[in-house]
Amino acid sequence: MEQEKKYRIVVINPGSTSTKVGVFMNEQKVFVERIYHDSSEMARFETIQSQLGYRTLLVERLCQQNEVKLDQVDAFVGCGGGMLSCKSGVYRINEKLIYDCETAAAGVHHPAMLAAQICRRLVNKYGGRGFTVDPPDTDEFQDVARISGLKGVYRESRVHCLNQKAVAREYCRENNLTYEDCNFIVVHMGGGISVTAHRKGEMIDSNDVLAGDGPMTPTRAGSIPTTKILKMAFSGKYSYDQLEERLTRKGGLIDQLGTDDVQEIERRITEENDRYAALIFDGMIYQVAKYIGECAVVLKGHVDGILITGGMSRSEYITGMLKDYVEWLAPVWIKPGEMEMEALASGAYRALTGRQEILTYTGVPVFKGYHSRRYHI
């Protein structure tokens, strides 16, 4: 019997304060390490884009330190970021994809936009193929989910797509189910929180996690009545950047309690009987539960499972309270942490073996508005 080919896959996942790098043999992890970036070092760079060369060099050095022969790597795969809306799947890294990442075509500047660019640089230098998998710009919304109360202003799909779909597929593998046949509510709880309705393999509605929509989070203020935001904006106390930072990076638990450390907050509650910390923490969990309820309505009550993942799902305090609120809707399954590195490697492996179609990124958005004959606008 012919032995299955072994594919070497390097996975790259840049974040605000670190870059995660992993090496996989087929779908088996060889190692995953995190390169931490000192804030004083990163302050040298005026923009995220200007960090590209620096982060690429650090990835190369880490691989060399672990005796990874980069010229023998079959695929470099990075998380998406900066792309215009597209369907989920495995994309080859082409020039249009690189251009949109370089220019943050989606309008959101995040270190994830460097992932595909680092992969392309390594492919050009060492060979191999470059991919991205289930980017955060994936858009599978149903039309009615896009509507807002202002004409021409639409709700957008910006979700933890990669981890959400990986967790849903993992749940299906464990329970002998098919993702495309099921309805799930998937909750990713990290620095940002996304609560998404998955119907028959598509994410048909969610909160816009990047734009601050949804429940409050450790670092984000979440949905707040618009007039209150307007008063803050015109108070003269904030520039645009200052207000955006307070709402999306220094809001939530940080603004309320001075920390986004879940363990520290739980310590205050249990050891110091800090009633205000309990009120704020419980309020965040309460808001997540409400969004789960919204997704149950979107799925018309046909929910096969509520899947909770992300870093905060390690907290029994959080997951226990969420279960109290929502387990009457459907079975609740906890997958602590996240599976992003494994999901990226798995996507590249499926592409290399021909088990999944490799998509071509065109830069043409999935959604371009409702100005069509269908709606007679």
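Start with the interface between domain 1 and domain 2, which bury about 1000 Å² between them, 61% of it on carbon and sulfur atoms. Buried area here is the accessible area (1.4 Å probe) that two parts lose on being put together, summed over both. Select Asp 134, Thr 138 and Glu 340: they supply 45% of the area that domain 1 buries against domain 2, more than any other three residues.

The model is predicted, so local features need pLDDT of at least 70 and side-chain atom pairs count only at pLDDT 80 or more, while totals for chains, interfaces and linings use all residues. Residues are numbered from 1 along each chain as its sequence is written, and side-chain values use heavy atoms, with hydrogens and water left out.

Next, colour the chain by domain: 8-138 + 340-360 for domain 1 and 144-337 for domain 2, bounds that come from an automatic or database domain assignment. Eleven residues from domain 1 and eleven residues from domain 2 make the contact (heavy atoms within 4.5 Å). The C-alpha centres of the two domains are 26 Å apart.

Now select residues 275-298, helix α10, and residues 316-326, helix α11; their axes come within 10 Å and cross at roughly 45°. Helices are DSSP runs (H or I, at least four residues), numbered from the N terminus. Axes are lines fitted to C-alpha atoms over the stretch in contact, with angles from 0 to 180 degrees between N-to-C directions.

Finally, show side chains where the two helices touch. Among the contact residues are Phe 281, Ile 285 and Ile 292 of α10, and Tyr 317, Met 321 and Val 326 of α11.
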